[in-house]
Structure formats: C-alpha cells, structure tokens
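The notes below are in the order in which I looked things up.

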Amino acid sequence: MAARIIAGNWKMNGLAAALPEVARIADAAHDVTGVETVIAPPVTLLPRVARHDGITPAAQDCHAADAGAHTGDLSAPMLAEAGARTEILGHSERRANHAERDVQVAGKVRAAWGAGLRAILCIGETEAQYRGGRTVEVLARQLAASLPEGATPENTIVAYEPVWAIGTGITLREDEIERVHRTLRDRLAARFAQGAEVSLLYGGSVSAENAASIFALRNVDGALVGGASLTAGKFVPIMNALAEKGAYA
Ligand code: PGA
C-alpha cells in the first residue's frame, strides 16, 4: 500500500509570526497515526520549520543545477542543507508563472534525487483542457516527460491538481478524481518496478469540509493543500481525516 501523506504548500506566504502554526501542526502530527505530514514553507522559514520533529520540511522548487551563475535561484543541495527533505516540483504556478516545461521539471526532479530529496511532482490539466476532454492525455504527457527513469515510492510522490481547482473552491467530481487516480496508478505501475506503491495526492481547494469524502476515494493516498495548510485550525482536521481513511486493496 502507498504511504499516506498530507503536504502543506505555503507558497509565498508566511513570516516568522506564522511559526506558532507550524508548532501546533507538529504537535498534532504526533497524535495522527499512519500519516506523514509535510510542510513546505517559504525558504526563509525552512531552517526553523526543520527544527520540529513530527513533520517533514519541504521546499517548493529548486534549480536543476547544483551550483552556478543563476542569480536568485536555489539548488537542491542548498535546500537540503537548509533542512528540506522533500521538494514540491512542477507546481502549476511554477509552470504558468515561470514558463517551466516538462523537460525542465524533469531536470529539477533529478537534481532533487541527487541531493537525497524526495520529489512531490505536480501535474494537472487546465480548465480548457478539462472541458476539451483532454485530461488523461495531458496528465499522461506530463507524467511521462517530467518524471525521469528511476522513480520509486521512496523518492517520488505524485500530486494531481486540476489547475482550475487550485485556490478556487472548486473540487473535481469524485468519480472523476477516482478515474484519474486509477489511471495514474496504472501508468506508474506499468513504468516503474514499484510504481504501484508511489503515493498519489489530490490537490486543489482541499479543506476540512471536503477532505473526508476525497480521502474515501480509491487510490487517493493524501492531499497537497495550499490555503488550508496555513493554520493548524484548518490543516489538522485534514490530517485527521486522512488518518481515518479505511484500508483498501
Ligand atoms: P489550494 O492550493 O489548496 O489553495 O487550492 C493547492 C496547491 O496549489 O497545491
């Protein structure tokens, strides 16, 4: 069975005043059994987030090179040294705002692996692609081109986030989530020896209100959570909802 994981993506949010929320989330994580809790704060807070046991500190991006003339960028070894154990890569906001293409994302995944970090690879279709019935085609292309050879359950997590569901309050229909996750599971299993054990997260407006019904779906091993990860009050109920998910084949 794939590991159950809740990952909080703080995006460009969080000054030091937000650190008490991390402490509350870490405290709660000790009591949530069978679930790994990941927090990806802005890099400025990463060393302080990494001081908490009970949560896995993560970065939100990295450069594909280990070092060099890349003003403003951070490499995977630097992020590992700052405390990261995992990295969110290929998030749709990076793909849209920084024109990241699959081939570049694949380079970043390789860099993360090279630094001993696990990648949370994000994939997702736009609303136009969804309405055009192209979801599976788009995801298959992203998965094939942005996930390099060598993915294992230890070094990779895949997060499916419909772009149009991020930050909008929209959730994909449950049967559609289940169908997409089934397809992703099958493709990972066909391509990688242990592909069936790679954790599959759903993302996009996951909240305390909708988490339990999303986690009840087959092949949903957890969630990548943006807005609702910024406070323990909203995030801990999502962690608890995953802990309560029953076993499935
Ligand atoms: P959201 O963001 O939960 O605020 O929709 C999810 C994400 O972008 O990972």
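**Entry 1. Ground rules**

I am working with a predicted model, in which local features need pLDDT of at least 70 and side-chain atom pairs count only at pLDDT 80 or more, while totals for chains, interfaces and linings use all residues. Residues are numbered from 1 along each chain as its sequence is written, and side-chain values use heavy atoms, with hydrogens and water left out.

**Entry 2. Strands**

I took helices (H or I, at least four residues) and strands (E, at least two) as DSSP runs, numbered from the N terminus. Two strands pair if DSSP finds at least two bridges between them. On that basis I found a closed barrel of eight strands, in the order β1-β2-β3-β4-β5-β6-β7-β8, with parallel pairing. From one strand to the next the twist averages 25°; axes for such angles are lines fitted to C-alpha atoms, for helices over the stretch in contact, and the angles run from 0 to 180 degrees between N-to-C directions.

I then checked two of the pairings. β1 and β2 run parallel and are joined by five bridges, and I5 stands opposite E36 in β2. Strand β2 (residues 36-40) also runs parallel to strand β3 (residues 56-59), with two bridges between them. There I39 faces P57 of β3.

How many of the five residues of β2 are buried? I counted as buried anything under 20% relative accessible area, as exposed anything over 50%, and as partly exposed anything in between (1.4 Å probe, protein chains only). Four of the five are buried, so β2 is largely enclosed by the rest of the structure.

**Entry 3. Salt bridges**

My rule was a side-chain nitrogen of Lys or Arg within 4 Å of a carboxyl oxygen of Asp or Glu. The count by this rule is 16 salt bridges.

I looked at E93 and K11, which form a salt bridge with the closest N and O atoms 2.8 Å apart. This pair links distant parts of the chain, 82 residues apart: E93 is in helix α4 (residues 92-97), and K11 is in the loop between β1 (5-9) and α1 (19-31). E93 is partly exposed at 30% relative accessible area, and K11 is partly exposed at 22%.

Next came R185 and D221, a salt bridge with 3.0 Å between the closest N and O atoms. R185 lies in helix α8 (residues 174-191) and D221 in the loop between α9 (211-215) and β8 (222-225), so the bridge ties together parts 36 residues apart in sequence. R185 is buried, with a relative accessible area of 7%, and D221 is buried at 0%.

I also noted a network: D61, R94, E100 and K108 are joined by salt bridges that share partners. Within it, the side chains of E100 and K108 meet at 2.8 Å, N to O, and both residues are buried.

**Entry 4. Cysteines**

How many disulfides does the structure hold? I found zero, using a cut-off of 2.5 Å between two cysteine sulfur atoms. The closest cysteine sulfur to that of C62 is in C122, 13 Å away, which is too far for a bond. C62 is buried at 2% relative accessible area, and C122 is buried at 1%.

**Entry 5. Surface patch**

V43, L74 and M78 form a nonpolar patch on the surface, with about 230 Å² of accessible area together. M78 is in helix α3 (residues 76-81) and is partly exposed, at 42% relative accessible area.

**Entry 6. Phi values and one distance**

A99, not a glycine, has a positive phi of about 50°. A99 sits in the loop between α4 and α5 (102-114) and is exposed at 53% relative accessibility. S205, also other than glycine, has a positive phi near 60°. S205 is in the loop between β7 (199-203) and α9, partly exposed at 22% relative accessibility.

Last, I looked up G233, which is in helix α10 (residues 232-243) and exposed at 60% relative accessibility.

Conventions. Patch = residues over 30% accessible without salt bridge, like charges linked within 9 Å, V, L, I, M, F, W, Y side chains within 5 Å. Areas by Shrake-Rupley, 256 points an atom, 1.4 Å probe, with all protein chains shown as cover.
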